[in-house]
Amino acid sequence: MKIGNWQIEWKPVRTVLVWIILPLLAGLLISLSIPRPVIGLIYLDTAIDVDSARSLIAQIDYARQHPEVRAVVLIVDSPGGTVADTESVYQELLLLRRTKPVVTSVGAMAASGAYYLSAGTDYIIADPTSDVGNIGVIGNLPSTPTIFDGIVSTGPYKMWGESQDSFLREMEMIKQGFYQAVLLGRGSRLKVGPDVILTGRIWPGAEAARLGLVDQLGSQTDAIEKAAHLVHVSHFQAVDLGLRANIVSAASGFFYQSPEGMTLPYPNKPGIFLLYVPPAPLGK
């Protein structure tokens, strides 16, 4: 075939097209068939109790079992919660971190038990004005054993579980365990010692970064990008693992309901808690 002064031979051109275009098309089809890497998002936006812990653990397990989930971002806005449930989730996070990095994104708050979980992740990014810290324990002191008419028990602490002295020792043990989890998670990044950490103070994110309680100030998007950077992926999708794991959210009965129907920031049941309880409003 002749076009102007150019003589085009179709056979060589056809051969070139076959050897270049077809492999490109095949490569494109193969790439489309391969699932995009996933950065899993796990939301903690309530108190840590038996229901929220069950949900968190199910999502952590999903991330551990599915290879397309390359890293996880724990998105936190929580005042903490019960000791047992916090520690259960913490142990599952440590198992997940054996194979996949976990980054924490702190929104409004990561206090007490919520910071406990954050310290168990690889990297923490917080908003500058978020509330971070409140490392410590709070609890309801058992009553002094009392005799009630018509009630008989086989021991003086049968109705109260333990003495006030042993209760206080238990709180101290939990506090030290919390501190050890912070030391383990933060390591040399922590800039202050127990004289500051164990005061129970809550700091704004900017101050928490200066103290080494968080690594960086930034947004949820920054946390997702950090997680992707840790596993060296760029073409990824961020996915809510609560939806992937078919988690159905349920109303929590953790907080106390007043007779007027108001939810107050106090536990519904007595016990020992890794929980931030805000001060009552003035005049209350």
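This is a predicted model: local features need pLDDT of at least 70, side-chain atom pairs count only at pLDDT 80 or more; totals for chains, interfaces and linings use all residues.
The largest nonpolar core holds 50 residues, and the members touching the most other members are Val72, Tyr115, Leu117, Val132, Ile135, Ile197 and Leu213. Helix 5, which runs over residues 164-186, gives the most to this core, with seven residues. Apart from this core lies another one, made of 15 residues, including Val103, Ile125, Ala223 and Ala227. As a general rule, nonpolar side chains in soluble globular proteins tend to be buried together.

Leaving aside residues up to four places away in sequence, Val72 touches Gly40, Ile42, Ala63, Leu96, Pro101, Val102, Val103, Ala227 and Leu241.

## Helix 2 against helix 3

Next, have a look at helix 2 (residues 50-65) and helix 3 (residues 83-97). These two pack at an angle of about 5 degrees, and their axes are 9 Å apart. An angle under 35 degrees counts as roughly parallel, so helix 2 is roughly parallel to helix 3.

Who makes the contact? From helix 2 come Val50, Ala53, Leu56, Ile57, Ile60, Ala63 and Arg64, while helix 3 brings Asp85, Ser88, Val89, Glu92, Leu93, Leu95 and Leu96.

## Two residues to look up

Gln59 sits in helix 2. Is Gln59 buried or exposed? Its relative accessibility is 4%, and buried means under 20%, so Gln59 counts as buried. Skipping residues up to four places away in sequence, Gln59 touches Leu41, Ile42, Tyr43, Asp240, Leu241, Gly242, Ala245 and Ile247. Ile42 and Leu241 also turn up among the contacts of Val72.

Leu168 belongs to helix 5. With 49% relative accessibility, Leu168 counts as partly exposed, because that class covers values between 20% and 50%. Leu168 and Ile272 are 104 residues apart in sequence, yet their C-alpha atoms are 10.0 Å apart in space.

## The whole chain

Zooming out, the protein chain has nine helices and 15 strands. Of its 284 residues, 39% are buried. The accessible surface comes to about 16100 Å², and carbon and sulfur atoms account for 60% of that.

Notes:
Residues are numbered from 1 along each chain as its sequence is written. Side-chain values use heavy atoms; hydrogens and water are left out. A nonpolar core is a set of buried Ala, Val, Leu, Ile, Met, Phe, Trp, Tyr and Cys residues joined through side-chain atoms within 4.5 Å. Buried means under 20% relative accessible area, exposed over 50%, partly exposed in between (1.4 Å probe, protein chains only). Helices (H or I, at least four residues) and strands (E, at least two) are DSSP runs, numbered from the N terminus. Contact means heavy atoms within 4.5 Å. Axes are lines fitted to C-alpha atoms, for helices over the stretch in contact, and angles run from 0 to 180 degrees between N-to-C directions. Angles under 35 degrees count as roughly parallel, over 145 as roughly antiparallel, 65 to 115 as roughly perpendicular and the rest as oblique. Accessible areas come from the Shrake-Rupley method with a 1.4 Å probe; for residues, only the protein chains shown count as cover.
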